[in-house]
Amino acid sequence: MAVPWTGFPLAALLAGQNRLAPPNMSGWKLFWTGPRRRAAAILVSLAYVEGLTIEEAGNDLAFMVTGAYGKPLGKSYGAPLRLAVPWKYGFKSIKSITRVSLVAERPASFWEHLQASEYGFWANVNPAVPHPRWSQATEEVLGTSGRRPTQIYNGYGEFVAGLYTSMEKEPLFM
């Protein structure tokens, strides 16, 4: 989907947080949305959590969304803030962000907790690696009945492929 988002570079937020972070904190950016609640002596996390590497967060294409279609971001689009990571699929673009943290180790995302074999941290980066239940080799063109080959990194490969050179031997699911 092509949505005319407005916002500011995630790198600007990252720069502000890095000034406040202890020097040994590096590597991962963690995004939170929603509350954490205690129910029947069991901690139930209703928080949607997503993470990016510092390198992904610092890429010029990653940005914090504050508006859509020339208007302030509405609740249905993920107000107050939404993350846009255009080279990744939708579940990495967390909505309704309430907190951003700099953490030392890779966080487990909401979807990874639910089904790690299908939505691992690196899932949907490479369409040549099939999802465990379907192929990602082609995608449907919305508004038509047609399909086309899925482009690696949603067509942004020249700008982001370098972020994943160490992944050649790492699994994208699990």
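Ser96 is partly exposed, with a relative accessible area of 23%; on this scale buried means under 20%, exposed over 50%, and partly exposed in between, using a 1.4 Å probe and protein chains only. Its phi is near 55°, a positive value in a residue other than glycine. Ser96 sits in the loop between β8 and β9, where strands (E, at least two residues) and helices (H or I, at least four) are DSSP runs numbered from the N terminus. Asn154 lies in the loop between β11 (147-149) and α4 (157-160).

The model is a predicted one, in which local features need pLDDT of at least 70 and side-chain atom pairs count only at pLDDT 80 or more, while totals for chains, interfaces and linings use all residues. Residues are numbered from 1 along each chain as its sequence is written, and side-chain values use heavy atoms, with hydrogens and water left out. The pLDDT, which is the predictor's confidence in each residue from 0 to 100, has a mean of 76 over the protein chain, and 74% of the residues reach 70 or more. Confidence is lowest in strand β3 (residues 36-39), at a mean of 44, and highest in β7, at 94. Over residues 36-44 the pLDDT is below 50, and this stretch has 9 contacts in the model beyond near neighbours in sequence, a contact being heavy atoms within 4.5 Å.

Turning to the inside of the protein, the largest nonpolar core has 20 residues, and those with the most contacts inside it are Leu10, Leu52, Leu83, Trp87 and Ile97. Such a core is a set of buried Ala, Val, Leu, Ile, Met, Phe, Trp, Tyr and Cys residues joined through side-chain atoms within 4.5 Å. At least two core residues come from each of α1 (10-20), β5 (48-53), α2 (54-58) and β9 (99-103). Another core, of 5 residues, lies apart from it and includes Val3, Val65, Ala68 and Leu73.

Strand β6 (residues 63-68) pairs in the antiparallel sense with β1 (residues 5-9) over 5 bridges; two strands pair if DSSP finds at least two bridges between them. Here Phe63 of β6 is the bridge partner of Pro9. Strand β6 also runs antiparallel to β8 (residues 82-84), joined by 3 bridges, with Met64 opposite Leu83. With β7 (residues 71-72), β6 forms 2 antiparallel bridges, and Gly67 stands opposite Pro72.
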